[in-house]
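Please look at the sequence and the model first.

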Amino acid sequence: MKTKQRPLSPFMIGPYYKPQMTSLMSITHRASGVFLSIIGAPLLLWWLIAVASGPQAYAVLTGFLGSLIGQLLLIATIVCLSFHLINGVRHLVWDTGRALDIKTAYTAGWLVLIGTVLLSAIVLGVLL
Amino acid sequence: MSMVNPLAKARGLGSAKSGVHHWYAQRASALLLIVLIGWLIYAMITLAGADHGTASSFIAQPTNAAFLILLIVALFYHAMLGLQVVIEDYVHNQVLEVILYFLTRAGGYLGMALGIIHVLKLALGA
């Protein structure tokens, strides 16, 4: 059976749409989720395995986390975690059908960004 | 021209009737993770710069061990569901899509198993 070539709405990234806070934060939510899955969760596992394996393995982990690349990964993980956590609450509120008008979506967006900076700063201030 | 009628095609390739469960599970695990990640942040702040003995006795505490096991299960479950959606949306090569889906699931369950067993090792003092 031949399917008709029906028109599709254009892909979100490209010349068709002006970048907007709502769309940029939506894609950032996904990107931070992917980062947390690929880097953050394995870091948590490494920590558990290192502690369970003894002082030597733990020293390897703390040594890595003290290195430049370790610090960068830690910073990125904490920022992604803060953003995904707080923006996730915004998504959960949307899922109840509330706060969907453009003005509230933007206000909540700014609150998420401010909250992300604050939470990341507090956690990283203690960790680094 | 294929003799397969459109309805059969739709049944074969369309909705697998699990969309609502996926949607619900993603959000239920998210709600649980708000609490558990809050606890993780508390744990990270408590254990910042801790030596090995402090970290291992923290994990060995039954309440902390229980929180960690719950966290690991909810976290990897939520990650598996999220990565699945990202793969479905952006990977258009069907073979690659199935391979990535398999790797996501396998990695998620491996993460759960590794996490749980190491928490239990500390908690039960083996």
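Pro7(A) counts as exposed because it has 5 C-beta neighbours inside 10 Å (exposed: 12 or fewer other C-beta atoms within 10 Å; buried: 20 or more; partly exposed in between; C-beta atoms are placed from the backbone). The model is predicted, and local features need pLDDT of at least 70, side-chain atom pairs count only at pLDDT 80 or more, and totals for chains, interfaces and linings use all residues. Residues are numbered from 1 along each chain as its sequence is written, while chains are lettered from A and ligands numbered from 1 in the order in which they are written.

**Pro7(A)**
- Pro7(A) sits in the segment before α1 (21-53) of chain A; helices are DSSP runs of H or I with at least four residues, numbered from the N terminus.
- Between the C-alpha atoms of Pro7(A) and Ala121(A), 114 residues apart along the chain, the separation is 46 Å.

**Nonpolar core**
- The largest nonpolar core has 34 residues, of which Val51(A), Leu75(B) and Phe76(B) touch the most other members (a core is a set of buried Ala, Val, Leu, Ile, Met, Phe, Trp, Tyr and Cys residues joined through C-beta atoms within 7 Å).
- α4(B) gives the largest share of this core, eleven residues.
- Beyond neighbours within four places in sequence, Phe76(B) is in contact with Ala41(A), Gly108(B), Gly111(B) and Met112(B) (contact: C-beta atoms, placed from the backbone, within 7 Å).

**Chain contact**
- In chain B, 28 residues are in contact with 22 residues of chain A.
- On the side of chain B that touches chain A, the largest share, eight residues, comes from α2(B).

Terms used: Helix = DSSP H or I, 4+ residues; strand = E, 2+ residues; numbered from the N terminus. Contact = placed C-beta atoms within 7 Å.
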